[in-house]
Amino acid sequence: LSLHDALPICTIGLIENGSWAPAAARIMQGMFEKSKNITWLENNVKITSSLSEANEAEIEAMAEELCK
């Protein structure tokens, strides 16, 4: 059973550490390219050193999108 077959219908949003792994979101999205029934959130979060007020707003937007 592969990762692509094991996932149910789901919604995915990414929070990446931009200072340690700046390509993480792109790599993680690539891991799910073959998966079906996935909806990607429009709002992703990239934290570059520490959580900022802008990041907090992005996380809030992500949460609101998940609650739709």
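Please keep in mind from the start that the model is predicted.

Let me begin with the overall layout. The secondary structure of the chain comes to three helices and four strands, and if you read along the sequence, these elements follow the pattern α-β-β-α-β-β-α. The chain has 68 residues, of which 24% count as buried, and it exposes about 5,100 Å², with carbon and sulfur atoms supplying 55% of that area. When we consider contacts between residues at least 6 apart in sequence, 63% of them join residues at least 24 apart.

L66 lies in helix α3, which covers residues 53–66, and although L66 and T11 are 55 residues apart along the chain, their C-alpha atoms are separated by 7.8 Å. Leaving aside the neighbours within four places in sequence, L66 is in contact with T11 and L41. The other pair is K36 and C10, which are 26 residues apart in sequence and 9.2 Å apart in space, going from C-alpha to C-alpha. K36 is found in the loop between α2, residues 24–31, and β3, residues 38–40, and because its relative accessibility is 65%, it counts as exposed.

Now to the aromatic rings. In general, a pair of aromatic rings is described by the distance of the centres and the angle of the planes. This structure holds one aromatic pair. The rings of F32 and W40 have their centres 6.0 Å apart and their planes at 75°, so the pair is edge-to-face, given that an angle over 60 degrees counts as edge-to-face. Are these two residues buried or exposed, or something in between? F32 counts as buried, because its relative accessibility is 18% and the limit for buried is under 20%. W40, with a relative accessible area of 29%, is partly exposed.

Finally, let us look at the surface. Which residues form a nonpolar patch there? They are I15, L51 and I59, and together they have about 250 Å² of accessible area. Taking one of them by itself, I15 has its place in strand β2, which covers residues 15–17, and I15 counts as partly exposed because its relative accessibility is 46%, a value that falls between the 20% limit for buried and the 50% limit for exposed.

Technical notes: Residues numbered from 1 in each chain as written. Predicted model: local features only at pLDDT ≥ 70, side-chain atom pairs only at ≥ 80, totals over all residues. Heavy atoms only, no water. Patch = residues over 30% accessible without salt bridge, like charges linked within 9 Å, V, L, I, M, F, W, Y side chains within 5 Å. Areas by Shrake-Rupley, 256 points an atom, 1.4 Å probe, with all protein chains shown as cover. Salt bridge = Lys/Arg side-chain N within 4 Å of Asp/Glu carboxyl O. Helix = DSSP H or I, 4+ residues; strand = E, 2+ residues; numbered from the N terminus. Buried < 20%, exposed > 50% of the residue type's maximum accessible area, 1.4 Å probe, protein only. Phe/Tyr/Trp six-rings, centres within 6.5 Å; stacked < 30°, edge-to-face > 60°. Contact = heavy atoms within 4.5 Å.
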